[in-house]
2 protein chains.
Amino acid sequence: MADKRADKMTIADVALRAGVSTATAGRVLGGYGYTSKENKEKVRLSAKALGYRPNALARSLITGKTKTIGVVAGDIQSPFYASILRGIADVARAQGFGVLLTNSDELLERELEAVQLLLEKQIDGLIIAPCDTSGSRHLHAAAASGCPIVQIDRRVSGLPADSVTLDNRGAASESVAQLLKAGHRRIGIVAELERWEFGDIETFIDRVIEGSIDPASLFPSWQRLFGYLEAHRAAAICIDRSLIVRVGTYSVTAARSATMELLSRANRPTALFTADGLMSAVAMDAITSLNLQIPSDLSLICFDDLDWMSFLKPGITAIAQPLTEMGEAAARLILARIGGEDGEEQHQVLKHRLALRGSVSVPQDEMV
Amino acid sequence: MADKRADKMTIADVALRAGVSTATAGRVLGGYGYTSKENKEKVRLSAKALGYRPNALARSLITGKTKTIGVVAGDIQSPFYASILRGIADVARAQGFGVLLTNSDELLERELEAVQLLLEKQIDGLIIAPCDTSGSRHLHAAAASGCPIVQIDRRVSGLPADSVTLDNRGAASESVAQLLKAGHRRIGIVAELERWEFGDIETFIDRVIEGSIDPASLFPSWQRLFGYLEAHRAAAICIDRSLIVRVGTYSVTAARSATMELLSRANRPTALFTADGLMSAVAMDAITSLNLQIPSDLSLICFDDLDWMSFLKPGITAIAQPLTEMGEAAARLILARIGGEDGEEQHQVLKHRLALRGSVSVPQDEMV
DNA sequence: GCGGTTTGTGCGAACGTTCTCACAATAGAA
DNA sequence: TTCTATTGTGAGAACGTTCGCACAAACCGC
């Protein structure tokens, strides 16, 4: 038994018991500098006997590295962030890094507090899904002060930081093209589309058509609308503004009522494209409530591949984002920066996978 | 402009610029001790001008508190842990605490490493879903060394630490009773049931029947089997051992083949009880693959309420765990302990909610 | 034997805070 | 006046590490 107060054992105690200086004990335990075999042994034994556990705080204070990366997610509860976080945590753990987690709920104020907290705790790097893609002075400041940042899911324009995003525009465009190819001419889209800083949605549509928008620092849902518009233009099909359902907020109730309204119309669309996981779940709810059959009454392609889409009666064709891979990529980028890599900004744009299942068919009116 | 190197600003720099001692500056910024109004003002101004950000590491080193709680989850990616984590993070944030996250993948070795990492980083408290409910010397050691621990989802026997769990036995028992009441006599159960330290599953069944098992530090899936058995005994119905499908590992493929086998039998059960979210999803997949209709061909009650269960054609009756509440409760407990509360061990057992939907009916053979 | 490298050790100064002292100055009470 | 509180200040010692430096012993080729 002897000593079992594993509590406040310092390197000095270990050194004393081993009969060496604290410096020597530090060297063997920290694995730096030279030490003789005998002393190595003595110190190790002493440390084990005393139940010594290094204090990372003290180490970090002097080395200036905490081996901790901060993560600001939107909402950890969502499968989207949960999977990304999984990827981050895996890579971090493999390198002996810890993950300090906060969520912003997509609220700027909360993001501010979170970043502040993380920086005070001296994280070595920050992975963040930024709320505000235009301003974000706090992120510019953090980057300027030397904290490496990797953006995920979206990019704040002008921020000197790496990013990992999905080709949302391409994915949406491909899916909508799929529906168009099947013969659909009235394709509804349900998307969040909370805010676009440069005007209303009509302006957005006009500017996409005229080709004067750079999708890079758009929010994902806007990029997906972009893809929707692009596919229509490529097929030389006019946009029916009424088929674009802008929920305006990331809420189930708002999404539900908007979707119900769209699908209850006399001239309802023959196909539906949902722009994210929440919209997909809500749309599915609405579809079963209205007793619509997929794909005979309505074709459907969903952004985000949720588990139920594969085992529903006809499987739902869905765009699968490589979420854990995104997290892994982000973690690898941040670790590289922490490791001192100082090349150009890296902007990794990952590709989706279109899971083709049974929710798309020829539109009803053409089937006769 | 002036100074924008928000990087290495220490309290000494602030003090120098304000024309006071570091002690006074510390008092103003740290909010302890006495300071005159004038100095307060001067220091605040100086800090703001220099973009001073306190170094939590240095503070923690001396105060002995990091305002950080460590979390060891099984798999953050699962909706189960994601929701719990959400609850934890919310409560922690509200109190200015950070959350240091790791996952164990239910592997003891990984849990060991995780706990080690967290303790080295000097977390103030630990919330953990322990892998091993019997041994766990590392947790005993951590508790002994003064680190408060809150266990979640399950309890290691004899560990002096609070816990937050669900009444798994009660929930399972109630659900199975529901099926029995509807007239089912052949009720299948699909559960993970990876390990039970005291013997094989037959022994377990026998010992439950004879009433010689304390369910407190059983793994949830075993507690749920316990409830299944209990409900049968209460209804004086014999257990058919062949209806108890032990998957043995938390894997989709194993679960799928086991479930397919069960549902393909000539004398397949008339009702099914799935013991967790993964089993539920897999079972649903199997059911649709086999083209069985719910509830006419098979009644179903699932443990864990997943989003698709509410909007499927007939809704699936499910046991909803109050997950975020569990996380919140755990966080509150740990914060209380960190705050110095030293009463008796607290073991909070939360209640489930049975979401009654359309997946249960009278068994087919009695319907005539 | 002599410089030069390699290997090993201990002292003490960092790191950026908090916190204990000692010490003033002011104010009110006796 | 003189004694106690109250309010304020700064010097300097913690906290538990890492790291620079000085110094020694050993080994090496020549």
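In the predicted model, helix H1 (residues 11-18) of chain A packs against helix H2 (residues 22-30) of chain A at an angle of about 105 degrees, and their axes are 8 Å apart. This angle makes H1(A) roughly perpendicular to H2(A). On the side of H1(A), the contact is made by Ile11(A), Ala12(A), Val14(A) and Ala15(A), and on the side of H2(A) by Thr22(A), Ala25(A), Gly26(A) and Leu29(A). Sorted by class, the residues of the contact of H1(A) with H2(A) comprise 6 nonpolar, 2 polar and no charged residues.

The crossing of H6(A) and H7(A) is left-handed. H6(A) contributes Leu108(A), Glu111(A), Leu112(A), Val115(A) and Leu119(A), which meet His138(A), Leu139(A) and Ala142(A) of H7(A). The residues of the contact of H6(A) with H7(A) are divided into 6 nonpolar, 1 polar and 1 charged.

Elsewhere in chain A, Val282(A) is placed in helix H12. The relative accessibility of Val282(A) is 6%, so this residue counts as buried. Not counting residues up to four places away in sequence, Val282(A) touches Val252(A), Ala255(A), Arg256(A) and Thr259(A). From C-alpha to C-alpha, Val282(A) and Ala254(A) are 9.7 Å apart in space, while 28 residues separate them in sequence.

Aromatic pairing was examined over the whole structure, and the search finds 14 aromatic pairs over all chains. In the pair of Phe80(A) and Tyr81(A), the ring centres are 4.9 Å apart and the planes stand at 80 degrees, so the pair is edge-to-face. Phe80(A) and Tyr81(A) are both buried. In the pair of Trp196(B) and Trp222(B), the ring centres are 6.0 Å apart and the planes are at 35 degrees, so the pair is tilted. Trp196(B) is found in the loop between strand E6 (187-191) and helix H9 (201-209) of chain B, and Trp222(B) in helix H10 (residues 220-234) of chain B, so the pair ties together parts that are 26 residues apart in sequence. Trp196(B) counts as buried because its relative accessibility is 9%. Trp222(B) is likewise buried, with a relative accessible area of 1%. In chain A, one aromatic cluster is formed by Trp196(A), Phe198(A), Phe204(A) and Trp222(A).

In chain B, the loop between strand E2 (98-103) and helix H6 (108-120) contains Ser104(B). With 0% relative accessibility, Ser104(B) counts as buried. Leaving aside neighbours within four places in sequence, Ser104(B) is in contact with Val72(B), Ala73(B), Gly74(B), Arg110(B), Glu111(B) and Cys131(B). The loop between E2 and H6 of chain B also holds Asp105(B). The relative accessible area of Asp105(B) is 23%, and this residue is therefore partly exposed.

Most residues other than glycine have a negative phi, and most peptide bonds are trans. Although Asp105(B) is not a glycine, its phi is positive, at about 55 degrees. Ala236(B), also a residue other than glycine, has a positive phi near 55 degrees. Ala236(B) lies in the loop between H10 and strand E7 (244-246) of chain B. The relative accessibility of Ala236(B) is 69%, so this residue counts as exposed.

Pro295(A) is located in the loop between helix H12 (277-289) and strand E9 (299-303) of chain A. Pro295(B) has its place in the loop between helix H12 (277-289) and strand E9 (299-303) of chain B.

Methods: Residues are numbered from 1 along each chain as its sequence is written. Chains are lettered from A and ligands numbered from 1 in the order in which they are written. This is a predicted model: local features need pLDDT of at least 70, side-chain atom pairs count only at pLDDT 80 or more; totals for chains, interfaces and linings use all residues. Side-chain values use heavy atoms; hydrogens and water are left out. A crossing is left-handed if the near helix is turned anticlockwise from the far one by less than a right angle, and right-handed if clockwise. Helices (H or I, at least four residues) and strands (E, at least two) are DSSP runs, numbered from the N terminus. Contact means heavy atoms within 4.5 Å. Ala, Val, Leu, Ile, Met, Phe, Trp, Tyr, Cys and Pro count as nonpolar, Asp, Glu, Lys and Arg as charged, and the others, Gly among them, as polar. Rings of Phe, Tyr and Trp (its six-membered ring) pair if their centres lie within 6.5 Å; planes under 30 degrees apart count as stacked, over 60 as edge-to-face and the rest as tilted. Buried means under 20% relative accessible area, exposed over 50%, partly exposed in between (1.4 Å probe, protein chains only). Axes are lines fitted to C-alpha atoms, for helices over the stretch in contact, and angles run from 0 to 180 degrees between N-to-C directions. Angles under 35 degrees count as roughly parallel, over 145 as roughly antiparallel, 65 to 115 as roughly perpendicular and the rest as oblique.
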